[in-house]
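I opened this notebook to keep track of what I look up.

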Amino acid sequence: MRKVLSILLTATMLATVLVGCGNNAAETPAPEAPAETEAPAEEPAEEPAETEAPAEGGSITVAAIETAYGSDMWKEVCDAFTAETGIAVELITDKNLEDVIGPSMQGGEFPDVIHLATGREKALTETFIKDQNITDITDVLSMTVPGEDKKVSDKIAGGFTETSLTNPYGDGKTYLAPMFYSPCGLFYNAGLFEEKGWSVPTTWDEMWELGDKAKEEGISLFTYPTTGYFDAFFYALMYSAGGADFFTKATTYEEGIWDTPEAQTCFDIVAKLAEYTEPTTPAQANDQDFTKNQQLVLDNKALFMPNGTWIVGEMAEAPRADGFEWGMTALPAIKAGGDGYSYTWFEQAWIPAGAANQDAAKQFVAFLYSDAACAAFAKAGAIQPVLGIADTLEGDNQMFYAIYDNGAKAAMGNFAAYDGQVISVTNREVWFDPVNSLVSGNMTKEDWINGIKEYNDQMRENLVQ
């Protein structure tokens, strides 16, 4: 364990922090859209588990990444949890959370609960997944939410605990709790499109036509905050190119998958999109300057950027062109009549295997789906994946979360976990970071593809089972 954590700390000190997506960009085989999903099937002949008796005294440590949502919501949720259970919470929040908790973890002291999504540059969560140092929280799903009479599984929307983002080992068990979710897509200035009389492209051929038209007016077709935002983009693109079957094969590194016509379609689109990308993008695609790339859309210097619903809050105080109005669309279909996909990115909370207070930590995770917690998070714009929450949204969020009602299909999932002690690179480094070099002309499409094929075989041979 010390060796693993030493490697982890070294990695976290060298890399830079990805803010916002990455997710994730957290950043998942095709389920129904979040707003339309059905509740999980009831478990026959099984009574809901009783919530454990509140602890008398005692405390846990919760470490949560501070993003555009801020940290006040976490303080409110922790206070409500303590009031309900009697368990005190020591809260740690920081924009550079990996740097804050890394040294203590190296010494063997772990937070009891960590809220940190996959898809970040430092890949801390991925490292814990690869090293199988995350606690199985399947039993949390059958726990009663503290202070309520419903089980956790009765509250979480269908599909969110059945993906590789929460069940990374394919063993039918849940290790990461699904947190704030966001439809991801291409964000643009709807006011500019109305002014110019342009239609939002529904196919990639229409996208290239619009790119040529915009270029004549000195506007680039595309930009991106950082290459980390290509996870949600590329996952949705894989669904568009080959559906759930191709996505599953690709994200489990099937032999020969990157030689298929579906894979070639994905490579061709990304490489061509690089040619239409605003030239200053790669130089600003880092954790210090990424908002400058986002500003390109607000200033009408680029039409589209991949992002998630948090972009509204993140750029709330930024200047913008007259008549600016947020718009969001799914990725265009490969051809007319095909499906356009919007990736559903969500964050994760998890319990380190070395956490000292496992039972109390599980109570806290269960409480994250309480009405009180969901309301506190929603006030800050962080939307929990619970049934019926979309009906309570207003303004831009109502438009964003309705994307699946307007014809887009939902894409979920990410690459399967592999042994990080054997393979030191991350999926982001192999698949997405090279986009900077594609845009700048320092790498060819063929070099990019060859690198993917090389690591694909290694990852398949070292899958974590």
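How many salt bridges does the structure hold? I count a salt bridge when a side-chain nitrogen of Lys or Arg is within 4 Å of a carboxyl oxygen of Asp or Glu. The structure holds 15 of them. I note that this is a predicted model, where local features need pLDDT of at least 70, side-chain atom pairs count only at pLDDT 80 or more, and totals for chains, interfaces and linings use all residues. Residues are numbered from 1 along each chain as its sequence is written, and side-chain values use heavy atoms, with hydrogens and water left out.

**Entry: overall make-up**

I looked up the secondary structure next. The protein has 18 helices and nine strands. Helices (H or I, at least four residues) and strands (E, at least two) are DSSP runs, numbered from the N terminus. Of the 465 residues, 57% are buried. Buried means under 20% relative accessible area, exposed means over 50%, and partly exposed lies in between (1.4 Å probe, protein chains only). The accessible surface comes to about 18500 Å², and 45% of that belongs to carbon and sulfur atoms. These areas come from the Shrake-Rupley method with a 1.4 Å probe; for residues, only the protein chains shown count as cover.

**Entry: Lys-362 and Asp-139**

I then went through some salt bridges. Lys-362 and Asp-139 meet through their side chains at 2.9 Å, N to O. Lys-362 lies in helix H13 (residues 358-367) and Asp-139 in the loop between helix H4 (124-130) and helix H5 (152-155), so the pair ties together parts 223 residues apart in sequence. Is Lys-362 buried or exposed? Lys-362 counts as buried because its relative accessibility is 13%. Asp-139, at 36%, is partly exposed.

**Entry: Lys-453 and Asp-259**

Here the side chains form a salt bridge at 2.5 Å, N to O. Lys-453 sits in helix H18 (residues 445-461), and Asp-259 is in the loop between helix H8 (230-251) and helix H9 (261-275). The two are 194 residues apart, so I noted a link between distant parts of the chain. Lys-453 is partly exposed at 29%, while Asp-259 is exposed at 54%.

**Entry: Asp-339 and Lys-409**

The closest N and O atoms of this salt bridge are 3.2 Å apart. Asp-339 lies in the loop between strand E7 (326-329) and strand E8 (341-350), and Lys-409 in strand E9 (residues 409-411), so parts 70 residues apart in sequence are tied together. Both count as partly exposed, Asp-339 at 34% and Lys-409 at 39%. I also found Glu-148, Lys-155 and Asp-371 joined into one network by salt bridges that share partners.

**Entry: cysteines**

How many disulfides are there? I found zero, taking a disulfide as a pair of cysteine sulfur atoms within 2.5 Å. Cys-78 is buried at 4% relative accessible area. Cys-266 is buried at 0%.

**Entry: a negative patch**

Asp-205, Glu-206, Glu-209, Asp-212 and Glu-216 gather in a patch of negative charge on the surface. Patch residues have over 30% relative accessible area and no salt bridge, and like charges are joined within 9 Å. Glu-206 is in helix H7 (residues 204-215) and is partly exposed at 33%.

**Entry: Ser-164**

I found Ser-164 in the loop between H5 and strand E4 (177-189). Ser-164 is partly exposed at 21%. Ser-164 and Ala-417 are 253 residues apart in sequence and 8.7 Å apart in space, C-alpha to C-alpha.

Conventions
Patch = residues over 30% accessible without salt bridge, like charges linked within 9 Å, V, L, I, M, F, W, Y side chains within 5 Å. Lys, Arg positive; Asp, Glu negative; His and termini not counted. Charge placed at Lys NZ, Arg CZ, Asp CG, Glu CD.
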